[in-house]
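Hello,

Here is the structure I promised to hand over. Please have a look, then read my notes below.

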Amino acid sequence: MTADEILAFAEASRGGARLIGIDLGTKTIGLALSDLGRTIATPLETIRRVKFTQDALRLKALCGQHAVGGLVMGLPLNMDGSAGPRVQSTRAFVRNLKPLLDLPVLYWDERLSTAVVTRALIEADASRARRGELVDKLAATYILQGCLDAMGDLTAPEPEA
């Protein structure tokens, strides 16, 4: 993501409105929510995927409930930075979502997000079952926090000399 893309997203997503981070998987959708100041991401929920329409309606309901101004969608690039089949399915999900939920979307590189979160949960001695419950929404939190940090760095006022 370029600085210009991040700044354009920050402007388009109604400054001051919350953002939702999304970790889209084949079986689940992990969600995270920003605070109003767009500085802290917190885990929101994990949607068990059923059918697109049901998944999209749940996401739309959460966006309305939390007055969300934009979506940060994890983009599962290959380790070499190339786009594979999962990137195509993520972009298709967003294309299909647009008619139901017209919010600006910023794609965010999610490489290693699940691995980082899983490692942290193992170090915290979380059971395999507990890791399964948490990993998707924590990966979404990791994705969203990376975006919030970048937005904060780009929009912070210059220090006076």
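**Salt bridges and backbone**

Arg-58 is partly exposed, at 34% relative accessibility (buried means under 20% relative accessible area, exposed over 50%, partly exposed in between, with a 1.4 Å probe and protein chains only). This is a predicted model, where local features need pLDDT of at least 70, side-chain atom pairs count only at pLDDT 80 or more, and totals for chains, interfaces and linings use all residues. Residues are numbered from 1 along each chain as its sequence is written, and side-chain values use heavy atoms, leaving out hydrogens and water.

Arg-58 forms a salt bridge with Glu-45 (2.7 Å, N to O). The term means a side-chain nitrogen of Lys or Arg within 4 Å of a carboxyl oxygen of Asp or Glu. There are four salt bridges by this rule.

Asp-55 and Arg-49 make one of them, at 3.4 Å, N to O. Asp-55 is buried, at 2%. Arg-49 is partly exposed, at 27%.

Arg-86 and Glu-110 pair up too, at 3.7 Å, N to O. Arg-86 is partly exposed, at 45% relative accessibility. Glu-110 is buried, at 7%.

Now the backbone. Which phi does Arg-38 have? Its phi is positive, about 55 degrees, although Arg-38 is not a glycine. Arg-38 is buried, with a relative accessible area of 9%. Ala-67 is not a glycine either, and its phi is positive, near 50 degrees. Ala-67 is partly exposed, with a relative accessible area of 44%.

Best wishes
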